[in-house]
Amino acid sequence: MGDSDQLPSVGPGSALADIIRSELVPVVRLTEVFRQASSSRIITNAHRVNAGQMPQLQVPGEETDFFFFERDEPENIQTTILELAKERIPGKLRLDPILDLHVLCPMNRGNLGARLLNVLLQNRLNPPRDDEPVAERFGSQFRLRDKVIQTTNNYDKEVFNADIGQVVGLDLAERELVIRFEARDVVYDFNELDELSLAYAITIHKSQGSEFPVVLVPVAMQHYVLLQRNLVYTAMTRGRKLVVLVGQKKALDLAIHNDRAAARFSGLYERLRASKGFVPALV
């Protein structure tokens, strides 16, 4: 069970798409938007994007859970995202801007990439306090309350790639950081902090499989090489309560009309077709 219209898995291959394309197994596609979901612009616009159509934008005075703020210059996109994250969205929805709001970026690099936006959002949402310790390691600064993401699988700690937590303890004498992942606290030695990154902003690829109350997405032509329909569709379907796109309408239009997914080379489809209808049991 899955969604073959989203970004393919981070690992190699394209198992789900190949199995569906082989036409050798029964496939059921869920396409109907039921009445209780039809009032959500997130859901209806996700279906529109998946069909290659521009999302319907908000009507003045209408209550909606989807917005597009058109900004032409990257600097204005950045400024708008910071204002929305710090003031406008938390004030409107009365939520925790650190834990409940996620910025999803097409890429890491650039002034609208996850790396720089992480630093800007950290300083805006969780500025340093004179009476609190700070851990600096591998070019990053970690503070109490910071939202962080695990970047590798750590089987000893039972923490895995893309798990998101919050810094709840920091001991400079013991050189330890305590991260709360849901209801479980995990201790990191300072020498292990290369496994962690700030998570105020993460890439859309890293967000796969996750769901967040509020999602903010920069959309700009500087992300040209990654602007594809499945990228926008994946980002939009991460949000539960509110999805906000900020950027250039030209870039959004380009992404929605680009349904040419990057080619993946796999032998699964050919082997399924050669099996003459026999498909091994899927475990």
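**Close-up views of sheets, aromatic rings and a cavity**

**View 1. Val 148 stands opposite Leu 198 in strand E9.** This is a predicted model, in which local features need pLDDT of at least 70 and side-chain atom pairs count only at pLDDT 80 or more, while totals for chains, interfaces and linings use all residues. Residues are numbered from 1 along each chain as its sequence is written, and side-chain values use heavy atoms, with hydrogens and water left out. Strand E5, residues 147-150, pairs with E9 in the antiparallel sense over 3 bridges (strands are DSSP runs of E with at least two residues, numbered from the N terminus, and two of them pair if DSSP finds at least two bridges between them). These two strands belong to an open sheet of 5 strands with antiparallel pairing, in the order E8-E7-E6-E5-E9. Strand E8 (184-189) and strand E9 (196-198) form the edges, and because each has a single partner strand, one side of each is left without a neighbour in the sheet. Neighbouring strands of this sheet are turned by 40 degrees against each other on average, direction ignored (the axes are lines fitted to C-alpha atoms).

**View 2. A second open sheet of 5 strands is paired in the parallel sense, in the order E1-E12-E11-E2-E10.** Its edges are strand E1 (66-70) and strand E10 (201-203), each of which has a single partner strand, so one side of each lacks a neighbour in the sheet. From one strand to the next, the twist averages 25 degrees. E11 and E12 run parallel and are paired over 7 bridges, with Phe 212 opposite Gly 239 in E12, whereas E1 and E12 pair in parallel over 5 bridges, with Phe 66 opposite Val 243 in E12. Strand E2, residues 101-105, is joined to E11 by 3 bridges in the parallel sense, and the bridge partner of Leu 101 in E11 is Val 214.

**View 3. The whole structure contains 2 aromatic pairs.** The rings of Phe 67 and Phe 69 count as stacked because their centres are 6.1 Å apart and their planes meet at 20 degrees (rings pair if their centres lie within 6.5 Å, and planes under 30 degrees apart count as stacked, over 60 as edge-to-face and the rest as tilted). Tyr 155 and Phe 160 make an edge-to-face pair, at 5.5 Å centre to centre and with 65 degrees between the planes. Phe 67 is partly exposed at 23% relative accessible area and Phe 69 is buried at 16%, while Tyr 155 is exposed at 60% and Phe 160 is partly exposed at 33%.

**View 4. The charged end of Arg 21 sits over the ring of Tyr 269, 3.7 Å from its centre.** Lys 157 likewise lies over the face of Tyr 188, at 4.9 Å from the ring centre (NZ of Lys or CZ of Arg has to be within 6 Å of the ring centre and within 35 degrees of the ring normal).

**View 5. The largest cavity has a volume of about 40 Å³.** The structure holds 2 cavities of 30 Å³ or more (a cavity is a set of points on a 1 Å grid where a 1.4 Å probe fits but cannot get out, and lining residues have an atom within 4 Å of a point). The lining of the largest cavity consists of Pro 106, Ile 204, Val 217, Pro 218, Val 219, Leu 227, Leu 231, Val 232 and Ala 235. Strand E11 (212-219) and helix H6 (229-236) are the elements that give two or more residues to this lining (helices are DSSP runs of H or I with at least four residues).

Technical notes:
Axes are lines fitted to C-alpha atoms, for helices over the stretch in contact, and angles run from 0 to 180 degrees between N-to-C directions. Rings of Phe, Tyr and Trp (its six-membered ring) pair if their centres lie within 6.5 Å; planes under 30 degrees apart count as stacked, over 60 as edge-to-face and the rest as tilted. Buried means under 20% relative accessible area, exposed over 50%, partly exposed in between (1.4 Å probe, protein chains only). On a 1 Å grid over the protein atoms alone, a cavity is a set of points where a 1.4 Å probe fits but cannot get out, and a pocket is an open set with protein on both sides within 12 Å along at least five of seven lines; lining residues have an atom within 4 Å of a point. Grid points are joined across faces, edges and corners, and a volume is the space filled by probe spheres set on the points.
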